[in-house]
Amino acid sequence: MKRRILFVDDDLNVLQGLQRMLHGLRREWDMVFVSGGPEALQAMAQSSFDVVVSDMRMPGMDGAQLLAEVA
């Protein structure tokens, strides 16, 4: 069973870099990339994730707020 991982970052270049770097793991991990806290919460409302990896400094909802909401 593949692990589902949610990556959250407001910087599109960082998200695209992560997608490129982790491309080889796509058979092992089901990865979703979103650009902010609200989008992450929406993704989690639609599906469950095993891991959330979040940028800590984002406008609006920062990573700490997002992870507190997830917990």
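Predicted model: local features only at pLDDT ≥ 70, side-chain atom pairs only at ≥ 80, totals over all residues.

Q: OK, what does the accessible surface of the chain come to?
A: About 4800 Å², and 51% of that belongs to carbon and sulfur atoms.

Q: How many helices and strands are there?
A: The chain has 3 helices and 3 strands, running β-α-β-α-β-α from the N terminus on. Helices (H or I, at least four residues) and strands (E, at least two) are DSSP runs, numbered from the N terminus.

Q: And how far does the C-alpha trace span?
A: About 35 × 25 × 15 Å along its principal axes.

Q: What about the inside, how much counts as buried?
A: 30% of the 71 residues. Buried means under 20% relative accessible area, exposed over 50%, and partly exposed in between (1.4 Å probe, protein chains only).

Q: Which residues make up the largest nonpolar core?
A: There are 9: Leu6, Val8, Val34, Ala40, Ala43, Phe49, Met58, Met61 and Leu66. Strand S1 (3–8) and helix H2 (37–46) are the elements that give two or more residues to this core. Apart from it lies another core, of 5 residues, including Ile5, Phe7, Leu15 and Leu22. A nonpolar core here is a set of buried Ala, Val, Leu, Ile, Met, Phe, Trp, Tyr and Cys residues joined through side-chain atoms within 4.5 Å.

Q: What does Met58 from that list contact?
A: Leaving aside neighbours within four places in sequence, Met58 is in contact with Val8, Asp9, Asp10, Gly36, Gly37 and Gly63. Contact means heavy atoms within 4.5 Å.

Q: Is Asp9 buried or exposed?
A: Asp9 is buried, because its relative accessible area is 9%. Asp9 is found in the loop between S1 and helix H1 (12–22).

Q: Which residues does Asp9 touch?
A: Not counting residues up to four places away in sequence, Asp9 touches Val14, Leu15, Val34, Ser35, Gly36, Asp55 and Met58.

Q: And how far apart are Asp9 and Gly37?
A: 28 residues in sequence, and 8.3 Å in space, C-alpha to C-alpha.

Note on methods
Residues numbered from 1 in each chain as written. Heavy atoms only, no water. Areas by Shrake-Rupley, 256 points an atom, 1.4 Å probe, with all protein chains shown as cover.
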